[in-house]
Amino acid sequence: MKINYTFANGENSEVEVDEEIGTFILDSRREEENLGRKERYHCYSMDAADYEGREYADTETPETVLEQETEAQWVAEVMAAMPDVQRRRLLLYAEGKTLREIARMEGVDHKAVKKSVEAAKKFFRKNF
């Protein structure tokens, strides 16, 4: 896919990119244009976030969206590689269950659950 890029000096250039990246860039440009029209329509000043609050500021950029998607995919891959028992216990622990509650649910000693959760954390840190 070819994307047109206009430099600050007004010079235009055409760049060849993958279909996925091109679609992302075009969607991002469309969102930016829509946001610009919305801000002009509502007459927000450039420093509205400073005076009106964070809800008027858009902190989401194409880079942050891509980073979040990449990180989410990576976390899913690491969780899939983790043994089933460790993954299940780690997710229950992350949901706020105590080690003793998890042990009661599974009918095992809480020390076994503690070792399993610690091993899962270690596995996650090692691969993160």
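Is F124 buried, partly exposed or exposed? F124 is partly exposed, at a relative accessible area of 21%. Buried means under 20% relative accessible area, exposed over 50%, and partly exposed in between, with a 1.4 Å probe and protein chains only.

## Basis

This is a predicted model: local features need pLDDT of at least 70, side-chain atom pairs count only at pLDDT 80 or more, and totals for chains, interfaces and linings use all residues. Residues are numbered from 1 along each chain as its sequence is written, and side-chain values use heavy atoms, without hydrogens and water.

## Aromatic pair

The whole structure holds 1 aromatic pair. W74 and F124 form it, edge-to-face, at 6.1 Å centre to centre and 65° between the planes. The residues sit 50 apart, W74 in helix α3 (residues 62–81) and F124 in helix α6. W74 is partly exposed, at 26%.

Rings of Phe, Tyr and Trp (its six-membered ring) pair if their centres lie within 6.5 Å; planes under 30 degrees apart are stacked, over 60 edge-to-face, the rest tilted. Helices are DSSP runs of H or I, at least four residues, numbered from the N terminus.

## Nonpolar core

The largest nonpolar core has 10 residues: M79, M82, L90, L92, L99, I102, A103, V113, V117 and A120. Helices α4 (84–94), α5 (99–106) and α6 (110–127) each give two or more. Such a core joins buried Ala, Val, Leu, Ile, Met, Phe, Trp, Tyr and Cys residues through side-chain atoms within 4.5 Å.

Contact means heavy atoms within 4.5 Å. Beyond neighbours within four places in sequence, L92 touches K97, I102, M105 and E106.

S116 lies in helix α6. S116 is buried, at 9%.
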